[in-house]
Amino acid sequence: MVAAAGLLLLLCACTIACATGSTHSSSFLSQPSPAVRRSVRERIFRTVRLQQPQQLDYVAEGKQHLQQQQQPQFGVSVEHRHAAQPHQQHYQTDWLQQWYPIAVEKFTDRRVPHAMNIIGRPFAFWWDDQQEAWHAMKDVCPHRLAPLSEGRVTDEGHIECPYHGWQFDGESGACTVVPQKEGPPDSRCNGKAFPCVAKQGLIWVWPTAKGEGTVQPAESLIPTLKIYEDPDVVSLDMSRDLPYDYSTLLENVLDSAHIPFTHHKTIGKRERAVPIPLKLDGHLDPVHGFSGSWTSAPPLMTGGGKTKEGVYRRSTRFVPPVLMYHRLEDSAENATMWTVVYAVPTSPGRSRIIARFPFRFGEGSKPMAKFVTFMLRFVPDWLQHINQNLVMDDDAIFLYLQEHRISSEGDGTTLPQLYHMPSASDTAGCIDRYHQHTIHCSSCSEALTNIKRVQKWAIGGLIAAAAYRQIALMALAFVVIQVAQQLEQGLTKGPYPPPRNMPLPDRHLMKKRVDGVQAVLRQALLAVMMRLEGLLIRTSRWGK
Ligand code: FES
Ligand SMILES: [Fe+2]
């Protein structure tokens, strides 16, 4: 909760900085209409006011640490980035001059172009086999504004518009082919290319066109993590589009207090909830974000008990505007686990989460932990994604409703009214794993295709087995169909109600069912006995 309050203050500060910044500095929040801007600010201010008692302590504590010049000890290269960045204040308040991660590289199909919004602007990005590089362009064809992402990638690595076949070089944005025109295309046919690179397994885009802007899009500005330089680290990664705002997402992932309740039965337990106060390390400003350590262990790993002094160390870091992570270190086990979230503001009221779960078990760890780490390398990504989606569903079901509630307190011109949101009565839209994840994930979409294929084969097998009265094969085909259905559901939609709200078994109903089964068994036994009896009588007659 404290972390969430800190985030709100930061968002508030960012908003003020954006609103009062230089004219060439643009803001994500300033992209929509003035009414929307006003409503977002009101929301942040109102929530900060509600949080004020905690907030004051938080700020005071932060200042105190700043005065003591305490420096956080974190392995994030962004620490160095800020020291070397000459336009710190400008850099942090300029939403268009940032690196944003847009996808996990290994789950992004290299054969086709992709679409992605960043701060409300449409981008097409694709892999260029010739230059062995990712490219990004504005997803709008200069000819008649068709989306380039609906086109195809040519053998030269260029993107071809689906409408009239104009082609563009992703490195420069230059139009290379206009099929309807003799001679080379003129400069007015050119599109806009944007800096786009792959780093630490993610694809990053800088949403200011090449040659424009006031800040050099140096790769050193990418908020990478040092842990990914460690070869012993194993990381489970995924991304998902969410039907709620980037600010709601960040609030949620920084708020550890919700884990035992929201994620009851998935990764938490209600009965393990404990106070988990955050002690700030010093930073609390729009430039550096904040970092702090927790004086309680997380409910997840240790059962929510107090931090064992010198054994567990848990810390949280927020680097504006997109990166946050929790880090848990267990020195007795020589184990370190991270929860890393990049929250991408795709458009107002919508966001993309890129979640990474790196961990490392060093010398002295339990053999079982090492074995599990080793085995995880062989678990297909799509199976892990089904699991991770289950955890994300827990939050997704109600966070968009929370946004609605907050907005309905306003003046009627707030984000969910002005931008498309799923119907308040339609929770299915929030746990639509297919459109939010599978469609963008090459591992999951391939698995889904294969699962459907297996399902068809199993149905065919079931029919054939029935025709030949092969009971064992029928049973096998039936089991395969059931498993395939479960997996298909895991890749397309989440369960509702969520695991935390699953009703407890009804004892009365259970008893009735047990009684029913017993009655059926009794009847069956009786029938068998009668058959045996009849057989005995007939046998005895034959014997006469
Ligand atoms: S709209 Fe793209 S080529 Fe015509
Ligand atoms: Fe996936």
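Student: Why are helix α13 (residues 442-467) and helix α14 (residues 471-492) called roughly antiparallel?

Tutor: In this predicted model, their axes come within 8 Å and cross at roughly 155°. Angles over 145 degrees count as roughly antiparallel, under 35 as roughly parallel, 65 to 115 as roughly perpendicular and the rest as oblique, so α13 is roughly antiparallel to α14. The contact has 19 nonpolar, 4 polar and 2 charged residues.

Student: What makes the site of the iron ion (ligand 2) tetrahedral?

Tutor: His385 (ND1), His437 (NE2), Cys441 (SG) and Cys444 (SG) coordinate the iron ion (ligand 2) at 2.0 to 2.4 Å. Donors are N, O and S atoms within 2.8 Å of the metal (3.2 Å for Na, K and Ca). Four donors count as tetrahedral if all angles lie between 85 and 135 degrees; here the angles among the 4 donor atoms are 99 to 115°, so the site is tetrahedral. Along the chain, the donors follow the spacing H-x51-H-x3-C-x2-C.

Student: How do you know that Ile227 is buried?

Tutor: Buried means under 20% relative accessible area, exposed over 50%, partly exposed in between (1.4 Å probe, protein chains only). Ile227 has 11% relative accessibility, so Ile227 counts as buried. Cys441 and Cys444 are both buried too. Ile227 sits in the loop between β11 (202-205) and β12 (234-242).

Student: How are the numbers and cut-offs set up?

Tutor: Residues are numbered from 1 along each chain as its sequence is written, with chains lettered from A and ligands numbered from 1 in the order written. Local features need pLDDT of at least 70 and side-chain atom pairs pLDDT 80 or more, while totals for chains, interfaces and linings use all residues, and side-chain values use heavy atoms, without hydrogens and water.

Terms used
Axes are lines fitted to C-alpha atoms, for helices over the stretch in contact, and angles run from 0 to 180 degrees between N-to-C directions. Helices (H or I, at least four residues) and strands (E, at least two) are DSSP runs, numbered from the N terminus. Ala, Val, Leu, Ile, Met, Phe, Trp, Tyr, Cys and Pro count as nonpolar, Asp, Glu, Lys and Arg as charged, and the others, Gly among them, as polar. Four donors count as tetrahedral if all angles lie between 85 and 135 degrees; four count as square planar and six as octahedral if opposite donors are over 155 degrees apart and all others between 65 and 115; anything else is irregular.
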